[in-house]
Amino acid sequence: MLRWLTQTVAVTALNLRTIPARMSSSAVAIVGIAGVVVVLVSVLSIAAGFNAAMRQSGSPQRALVMRSGADSEMTSGLGGPDVDIIKQAPGMRREGQTPLASAELYVIIDLPKKSTPDSPANVPLRGVEPTVLKVRDEVSVIQGRMLEFGTNEVIVGRGAQAQFMGLSLGADVKSGQNVWRVVGVFEADGGVAETEVWADSRTLQGVYRRGNSYQSVLARLDSTDSLTAFRDWLTANPQLNVMVRREDEYYAGQSQALTRLIQTIGFGIAALMGLGAVFGAILTMYTAVATRAREIATLRALGFNSLSVVVSVLTESLALGALGGLIGGLAAYIAFNGYQTSTMNFQTFSQVAFAFRVTPQLLMLGLAYALLMGLVGGLLPAIRAARLPIPSALREL
Amino acid sequence: MKYLPLVWKNVWRRKFRTICTLVVMFVAFFLFGLLMTIRTAFTFGVDIAGADRLVLIHKVSLIMPLPVSYEPRLQTTPGVETVTHNTWFGGVYQDPSNFFAQIAVEPETFLKIYKEYELPTDQLKTWLGDRQGAIVGKDLAARFDWKVGQRIPITGTIWQPKGGGQTWEFNIDGIYTGGKNVDKTQFFFRYDYLDENRRNGQGLVGWYIVKIDDASKATELGKKFDDMFANSSAETKTTTEKGFVEGFAKQVGDIGAIMIAIVTAVMFTTALVAVVVMAWSVRERTSELAVLKTLGFPDPMILGLVLAESIFIAAVGGGLGLLAAWAFVQGGDPTGGMLPIFVLPPRDLVIGGALIVLLGLLAGAMPAVGAMRLRITDALRRA
């Protein structure tokens, strides 16, 4: 057993040490596998980034009230009187007499994206109430000041300011016959709110001709457990026709379709490319075995057993795979991690800014896939090396 | 031509290696085809949108409605052929994940403008006589196994029926088909049914589509419309349908750029594999090439032989890959409705073909030039 081990180690070390001498053929395997890992990791980092933005948006501490049947804030609608009733619900946190709830409107305003200045993008414009900063306690104004309610002032999210044109501090934003003035910039822990523009909901009602109606009420719960009491009271109330969802669940639901689509595409492409890379690796390893046919035969003639030859070939191919995986992962990380972009959230027809995220999990996944490709690519050549008929291989020039 | 057998023999000199190379090529071009298809899907068929169709939306944003009273004013403007309007319904059939577009339309003018939607005349007749009627795309009907005459309940998310509840009932009066580029996953129903039965929003429509008689007047007419409604409570913004779809696609973001980046990565990897493999196979044959030269084969001929070999491998592997991608796409959208326009444009097939030849030339060029420059005496001595 020990002898077998030393044999294997000796042959393997020899193989690994001679990789640089076979650079051009090894490059086929390394670059092929690295290419697959770059594509896999970078495509999945889009999904990871989008998903993270959506998930960071919701808090289990808050509940979102919409008209029942509405699938997003966009399609929901609540009358002013309904909102007054909702604000009386139990389970909601209160500060003195003031319930910590914000009745909101969610509409779209057309602004050009910086990356495509000639065509408008649907930027979400949210009407909020003065309580909003207490309801969403993760939001803070980082530049300028909070908007003054009752005026046409707005504050813009950090992501919105980075992605869309004309949202600099102090700028006037013309939309139809109305002009909004940007007085502040806010951040929201990387959540989707950072892509939004916030205005006073009362002002927005007038501008968008919504009368005294809102679209949703966002309420801060007493504790995460008081959702049931809150929900039961609202749904049992015959005057109301609403549904209540925990905010984090609402956003998680919104990210599902797009995340799944990107993941399907990413895994599909990676699987196909992987097939090509495996054949590239097979080519490399076959060449490696072929150029060393005589050495391998000599070792076998000296009494090295064939299993150690198999292990050595497999190790070499795994090493190539690992190298490819590392290079690919690193390239994807350097090129894409933190890459800022925005896309359309189809549930609300509005833009969401997010950053690609090359997470450690994705890098591990890429490396694992690279090793798998190396293993599969080395299998056939390894068996062939072990089966090499000694006399004819020795005779081969 | 008489050297073809020689090229053929060289190609199969190392069967396994050639097969591996063919598979790599095959995969590369199969992927190329698929990625170009996905790219087209994400542009929402911008290539087929009409330049002689204008879209009027509310100036503030697409989600703001316009009054139905604009229709006669648009219709009587000189240069206008037909006017119709659409309204987004956004309902849910059984489960929110069953997403498909439902749009309220004016049947006659709608089908007059969108001639690409083909509907049998008897089904059209039924639809015109049935207020609750709807027509659905062939792919959509297949997805839910709907038949003509079936009654479909859809839960309204934006619009609630006057009679209470949230469910709207529709009769499927027809199933439309159309060419490859036509989105066959949509659900069209009658605007009058929506307008008479919704609780609020009477007299409002989503957007207008105007067919004009001369595409070159698009900009001029667009400006005229926008001026017509300027300073009203609902100002408009007019674009060509093409511009509208393009703008929508741009909002989704850089899908096209990402696809191109991936294709570049795939092509680079494949080219590298091909170049290295060709170099090996030529190096192995140094002495044979020297013998050919000794026999009097001129240098350009040697160059041609090696190039022919690499182009052959690229053409067979890549060609089959493109063909397979084309065949796969003919099978239709595999995601069940997420990519309604699922076609591999002929333009991309041509680009693919050009890439195959380029790749073959590239892979063969270096070893071929090396083979051509080979000095007979050196090569023979080495062997």
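**A conversation about two chains**

Guide: In chain A, 84% of the contacts with a separation of 6 or more are between residues 24 or more positions apart. Please keep in mind that this is a predicted model.

Visitor: What about chain B, how many of its contacts join residues at least 24 apart?
Guide: For chain B the figure is 83%, counted among contacts between residues at least 6 apart in sequence.

Visitor: How many helices and strands are there in chain A?
Guide: Chain A has 12 helices and 16 strands. Its radius of gyration is 30 Å, whereas the globule rule gives 21 Å for 397 residues, so chain A is more spread out than a compact globule.

Visitor: What size of box do its C-alpha atoms fill?
Guide: Taken along the principal axes, the C-alpha atoms of chain A fill a box of roughly 95 × 45 × 30 Å. As for burial, 53% of the 397 residues in chain A are buried.

Visitor: And how many helices and strands does chain B have?
Guide: Chain B contains 14 helices and 11 strands. The radius of gyration of chain B is 29 Å, while a compact globule of 383 residues would have one near 21 Å. The C-alpha trace of chain B spans about 95 × 45 × 35 Å along its principal axes, and buried residues make up 40% of the 383 residues in chain B.

Visitor: Let us turn to where the chains meet. How many residues of chain A are in contact with chain B?
Guide: There are 44 residues of chain A in contact with 44 residues of chain B. On the chain A side, at least two residues each come from α2 (23-57), β5 (101-112), β6 (120-128), α8 (247-291) and β15 (340-345).

Visitor: Which of these supplies the largest share?
Guide: That is α8(A), with 14 residues on the side of chain A that touches chain B.

Visitor: How do the residues on that side of chain A divide into nonpolar, polar and charged?
Guide: The side of chain A that touches chain B has 23 nonpolar, 19 polar and 2 charged residues.

Visitor: You mentioned α2 and α8. At what angle do α2(A) and α8(A) pack?
Guide: The angle between α2(A) and α8(A) is about 175 degrees, and their axes are 8 Å apart. Angles over 145 degrees count as roughly antiparallel, and α2(A) and α8(A) are therefore roughly antiparallel to each other. The contact of α2(A) with α8(A) consists of 24 nonpolar, 16 polar and 2 charged residues.

Visitor: Now for another pair. At what angle do α10 and α11 of chain A pack?
Guide: Helix α10 (residues 306-336) of chain A meets helix α11 (residues 360-387) of chain A at an angle of about 150 degrees, with their axes 7 Å apart. Helices α10(A) and α11(A) are therefore roughly antiparallel to each other. The crossing in which α10(A) passes α11(A) is right-handed. In this contact of α10(A) with α11(A) there are 20 nonpolar, 11 polar and 1 charged residues.

Visitor: How does helix α1 of chain A pack with α10(A)?
Guide: Helix α1 (residues 2-17) of chain A packs with α10(A) at an angle of about 40 degrees, their axes being 8 Å apart. That angle makes α1(A) oblique to α10(A). Here, too, there is a right-handed crossing, with α1(A) passing α10(A).

Visitor: Which residues make that contact?
Guide: From α1(A), they include A:W4, A:Q7 and A:T8, and from α10(A), they include A:S308, A:V309 and A:V311. By class, the contact of α1(A) with α10(A) has 6 nonpolar, 7 polar and 1 charged residues.

Visitor: A change of topic: what is phi of B:Q94 near?
Guide: Phi of B:Q94 is near 60 degrees, a positive value in a residue other than glycine. Most residues other than glycine have a negative phi.

Visitor: Where is B:Q94 found, and is that residue buried or exposed?
Guide: B:Q94 lies in the loop between β3 (80-88) and β4 (102-105) of chain B. This residue counts as exposed because it has 11 C-beta neighbours inside 10 Å, and the cut-off for exposed is 12 or fewer.

Visitor: What about phi of B:D145?
Guide: B:D145, a residue other than glycine, also has a positive phi, near 60 degrees. B:D145 sits in the loop between α6 (138-144) and β6 (151-155) of chain B. With 7 other C-beta atoms within 10 Å, B:D145 is exposed.

Note on methods. Residues numbered from 1 in each chain as written. Chains lettered and ligands numbered in written order. Predicted model: local features only at pLDDT ≥ 70, side-chain atom pairs only at ≥ 80, totals over all residues. Axes fitted to C-alpha atoms, helices over the stretch in contact; angles between N-to-C directions. Helix = DSSP H or I, 4+ residues; strand = E, 2+ residues; numbered from the N terminus. Parallel < 35°, antiparallel > 145°, perpendicular 65-115°, else oblique. Left-handed = near helix turned anticlockwise from the far one by under 90°. Nonpolar A, V, L, I, M, F, W, Y, C, P; charged D, E, K, R; others polar. Contact = placed C-beta atoms within 7 Å. Rg over C-alpha atoms; globule rule 2.2 N^0.38 Å. Buried ≥ 20, exposed ≤ 12 C-beta atoms within 10 Å, placed from the backbone.
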